[in-house]
Amino acid sequence: MAVPTGTFQTYQSIGTREDLADAIYDITPTETPFMTMCKRTSSSATLHEWQRDSLAAASTANAAIEGDDAANGTSTPTTRLKNYLQISTKYAVVSGTQNAVNNAGRKREMAYQLMKRSQELKRDMESVLTQNHGSSAGGTGTARQLAAVEAWLSINKTSLGTGTAQTTPGYVTSTGLVTAPTDSTVAGTFVVSALKAIIRECWTQGGSPSVIMTGPFNKTQVSGFAGIATLYREASSTSQGTRIVGAADVYVSDFGEHRIVPNRFQRDRTALVLDMDYWAVSYLRKFETADIAKTGDAEKKQLIVEYTLECRNELASGKIVDLTTA
């Protein structure tokens, strides 16, 4: 049908106001499961230290002669461990004009930018804490670096790689540093037998690992493990419908129940088996916002946190490394 001659349409209009929704949509993930589950402690120096100890091995030869004198006992000292505190920062700089104009979706630009930077800082911390880098004392021109979970776990571990084997030196007493592991050159498929073996090792050492933390691909691998139970969910009379269950949220081993937690920020090629009672994040400076001196027509702020990872006893946790990720 033809439009009548002279009809004024929006295509010719000059003064139509824009239609911009007063909202901003962002689905960038911000969950930090490892950091959230960690205990929290305080530090008072740039080098954080703690101690661990162990009992003598159980012996079947502990039989004493009636009336015999007591023998001299042998005492062993505790082990002193340490980790350097790392400083992580984010910056926000907003011009005076941008703060003054009428913005859609936020009242003040600086407040919005600080909110974003704080979420980015948490994501950075989760990545720092869970990956495979060792510790560094830093210097006048280099940053201090904390040792992350993968670097600490050097005893209860297994590699499924078929290339050059992964090395995991872990904590080196002579230097007080944690050495980063090296990866196998060829990765292998995550299998349930490897998971069972690590859980058993942790339990034998005295741990009770309750969390299996993986990247996204190997979360799906765990959901595909064969088990005694059949995957199903009953649909009751009040149900919205019958559901297909294709995921596993809990793994039940001979040594207890273990929550399966996916983590977007850890390395997908490593599965962590964790007893969270023995992990803590220690803060020298918790999250702070500092004003930076003005040098022109802009507002400047810095977000700062200074922290380290406290591995209270690595024997309670373990890892399966060199896993395929696709």
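Biologist: What should I know before I start?

Modeller: The model is predicted, so local features need pLDDT of at least 70 and side-chain atom pairs count only at pLDDT 80 or more, while totals for chains, interfaces and linings use all residues. Residues are numbered from 1 along each chain as its sequence is written, and side-chain values use heavy atoms, with hydrogens and water left out.

Biologist: Is Asp 322 buried or exposed, and why?

Modeller: Buried means under 20% relative accessible area, exposed over 50%, and partly exposed in between (1.4 Å probe, protein chains only). Asp 322 counts as buried because its relative accessibility is 0%.

Biologist: What does the side chain of Asp 322 reach?

Modeller: The backbone nitrogen of Ser 184, at 2.9 Å.

Biologist: Which side chain is joined to Lys 301 by a polar contact?

Modeller: A polar contact is a pair of N or O atoms within 3.5 Å; within protein, one must be able to donate a hydrogen and the other to accept it, and residues adjacent in sequence count only if both atoms are side-chain atoms. For Lys 301 the partner is Asp 291, at 2.3 Å. Lys 301 also counts as buried, at 15% relative accessibility.

Biologist: How many residues has the largest nonpolar core?

Modeller: In soluble globular proteins, nonpolar side chains tend to be buried together. A nonpolar core is a set of buried Ala, Val, Leu, Ile, Met, Phe, Trp, Tyr and Cys residues joined through side-chain atoms within 4.5 Å. Here the largest has 35 residues, and Trp 152 and Leu 274 are among those with the most contacts inside it.
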